[in-house]
Structures are given as C-alpha cells and as structure tokens.
Amino acid sequence: MSDGLPMPRRLLAIGAVSCGSALIMIDGSVANVALPTIARDLRVDSASIVSIVTIYQLILVMLLLPFAALGERLGLKRMYQIGQMVFTVATILCFFAKSLPFLLIVRAAQGIGAAAALSVSAALIRSVYPKAQLGRGLALNTVVVTSANALAPTLGGLVLAVAPWPWVFASAVPFAIGSLLLGRALPKAEPRETPFDVLGAVMCAAMFGLVIGGAETGIHGDSPVVSGAIVAVGVAIGVFFVRRERNEANPILPIDLLARPVLALSVLSSYTAFVASMTLLISFPFRMQHEFHMSPAEVGAALAPWPLTNIFVAPMAGYLSDRVPAGVLGGIGMTITVTALCLLAFLPPDATYVDIVWRMMLCGAGFGLFLPPNARLIVGSAPPHRAAAAGSLVSTVRQVGQTTGATLVATLLAFGVGGGRTPPLVAAGLGVVAGLCSVARLRPSIRNAKPFETDDGKARQP
C-alpha cells in the first residue's frame, strides 16, 4: 500500500476532508444563536427548542461506531460522500420546516449524514498523508474543527441579520458542496467482504442513546425514576453488547483496540480531557456574568482566546507528535491546562478582562498541545484495516466527553455550585487524570506493543 497520496492530489483530498469537518462542526453549533428566533417562529417554548441541538449531538454519538464498521465494508470514500449528500439533502429540507417535529426529523437526518462522514474522516486522513506526516495532518484537522466551532456563532448571527432562520442551517452547505467536488481526489479504499453486524450496530446505538438520553432527561425532566430506568436499560444493553463483541473478529465497539493498554490509556485521557474542557466552557459564562458582571458580548470575547490559541498551538503539536512521544507532549499539555484551570478557579474578586484572557490562552495552549498527539497515537497505532474504527473511536470519545461535560455542569448548577469555583476545580481534577494517563504511556511495558497486539505479529512502538 502506498504511503499517502502524491502531490498535488493530496492537497485536493486534504481540502475535501477539511470542508467536511468544517460543515459538521458548524452545523452542530450554528443553530445555537438561532434558537430564540426559531422558537418564536414555530411558537414553541424555549425548553423544547433546545432539542434541535441535542438530537443532532445524540444521533452523532449513537451512529459513529456503527457507521465506521459499515464504512470499512462499503469503502471509506463512498461512506464519506454518502454522508455529505445525506447532509446536503436534509439541509435543503430545513426550508420546508413549519413545525418543530418536522424540523427535529430533518435535524436527525443531518446528524445521520454528519455521522457517516465523521466516522471515516480520520481513517481518510491516515490514507491521505504519509505515515511520517500523520501527526501534522490530524493537527490540521483539529485546527479546522476548532476554527469552525469558533466561527459558528458569529456566522449564525450574521446570517440571521440578513435572512430567515432556515438560512442558518444552509450556511454550511457550501462546505458540503466543496467537499463533494474535491472528494474525487480522495483515495479509493477497496470495500472489504466482511458481514455487517446489524444487531451489534443496533445495540451500540441503543446503548449510547439510552444512557446519554436518560442522563439528559434526569437533569431536565420531571421524573427521576423514569430517567433512571432508561439509563439502567441502556447499561444492561451495554453489558450484553460488550460481552457479545468480545467474540467478534471486527467488533463495532473496538474492544480489540481497547485491549491494547496504550490505546486504552489514550482513550481514557482523551475522554477526561473533553469532559474537563466542556465543564469549564459551559459553566464559566455563568460565573463571568453573575460574579464579574460581564455582558454577553464581553463573555464571548473572554472565551474566544481559548480556540484562537488552540488554532496556533495545534499545528506545532501535530508537527512535534511525528517526532516526540505523545506521552511527553500530553503530559506537558495537561500540566499547562491544570495550572490554568486552577488559576481560573482562584480569580481575584476584582478580576479584569485581561486577567481572564491570559488564563484562557493558557487553557487553549494546553489542550492544543495535548489533543493532536493523542489522536495521532490512537489512529496511527491501529492496524490499517481497523483505521476507520480507530478514527470513529476518537470522534465518539470527543462527543461523549462533551456530552458528559454538559450533563456534569447541569448537575452542578442543579446543586447550586455550578457558577463559582467548583467547575474549574472539577475540570482541573479531570485534567490531572488525563495527564497521568498520558504520562503512563511512556512506561516501556505499555509503550511497546506485544507481538499479539499488532496486525502482523511483530512488536512495534506506537
């Protein structure tokens, strides 16, 4: 198998994947700013309209792993472009939405298309770049994702200023069209003649959907008993599903990859890092408004240095990850992050905008140094035929971590401690766990793969 695509075809393929990543991130966040307008036009209450965002995120979490397994069977390029087309068609249907139920169906369809594309994007990146440049390739994708997340609220506000709310969803369509046009340059991975485990896919989706959905209703609903029952059913399905997957040659839930200590530690550190970041980013605006009496515009400006710093640090981290062990970079990154989180927790009562901004910049630098090397290790250490599973694992962990962080903040707010020092201190504790997991990968017994853990039976370093 060739080591990456030749130039200039590689640049076209990079453009295709970058456009696809941008549209998924923008569409996941751009609706937030339009929620009040949509609620008014569709004549529904504010609590109900939030489901437009949550259903998109929930569909993503439920389908990433099953679609990765299906992508290995159909071919990565075909799966990626099918996802883009489904997303584009669903977006066009937004213009015909005259009720909340129909709009939720459309948003679910958008989530299906996004999940199909995102499930194989990391595997495509691995096939586009030479192995020696995989880290910088994943770092570039991280920059695209971060930039798109930072751009989405501003883009949504600009669209609403000149057009009706359906155009907010359509704002991501140019990225979909660009991805489809440039997608001809993507490598044509041959489909694999392996059976698709339909029952396993259903159980995987049900496990994530019931556990996460039940947890969400427990925070926002009126019946804790029903919510607990939903979570319990999801956990029961998950236990049976995991036991069943142990006997599969190519499991939908990549237990074969998680059995490798270095990958298991990487996944755990990634999960705790995403929970930590979401815990701070959702909770801190409450503190800035209530304790420091900042306006919404000032809050947005104070949060912006996090993704902006990440944009500059992530490419450097990706470049270094091709040369420096991920455990070293991750340990340094989480040390910076934990320090910044503690500084945010103990801000002085008369903290100024500048006091908050430089601490946010430290957080962005720490996460930017941690995430690309961690993703590179997960994707780069998997056997080639399991690249899609490894890539979808990265995306699933990010989505589940962010959802967990949002639920954690809602819980802290419900107990009356979500607007003060508690959330950044909790985030710092999670950052310590992520850092320890990262450094633990430097142990020779973990870093060096055993012969039975590799696809060719030869020991190798990740």
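Me: Before we count anything, what is a salt bridge here?
Reply: A salt bridge is a side-chain nitrogen of Lys or Arg within 4 Å of a carboxyl oxygen of Asp or Glu. Keep in mind that this is a predicted model.

Me: OK, how many salt bridges does the structure hold?
Reply: The structure holds 3.

Me: Which side chain meets D197 in a salt bridge?
Reply: That's R244, with 2.6 Å from N to O.

Me: And where do R244 and D197 lie?
Reply: R244 is in helix α11, residues 224-245, while D197 is in the loop between α9 (173-182) and α10 (198-220), so the pair ties together parts 47 residues apart in sequence.

Me: Is D197 buried or exposed?
Reply: D197 is buried, because its relative accessibility is 17% and the cut-off for buried is under 20%. R244, at 21%, counts as partly exposed.

Me: What else does R244 meet in a salt bridge?
Reply: The side chain of E245, at 4.0 Å from N to O. E245 counts as buried, with 1% relative accessibility. Put together, D197, R244 and E245 are linked in a network of salt bridges.

Me: Switching topic: what does R287 form a salt bridge with?
Reply: With E291; the closest N and O atoms are 3.0 Å apart.

Me: How about burial, is R287 buried or exposed?
Reply: R287 is buried, with a relative accessible area of 1%.

Me: And what is the relative accessible area of E291?
Reply: For E291 the value is 35%, so E291 is partly exposed.

Methods:
Residues are numbered from 1 along each chain as its sequence is written. This is a predicted model: local features need pLDDT of at least 70, side-chain atom pairs count only at pLDDT 80 or more; totals for chains, interfaces and linings use all residues. Side-chain values use heavy atoms; hydrogens and water are left out. Helices (H or I, at least four residues) and strands (E, at least two) are DSSP runs, numbered from the N terminus. Buried means under 20% relative accessible area, exposed over 50%, partly exposed in between (1.4 Å probe, protein chains only).
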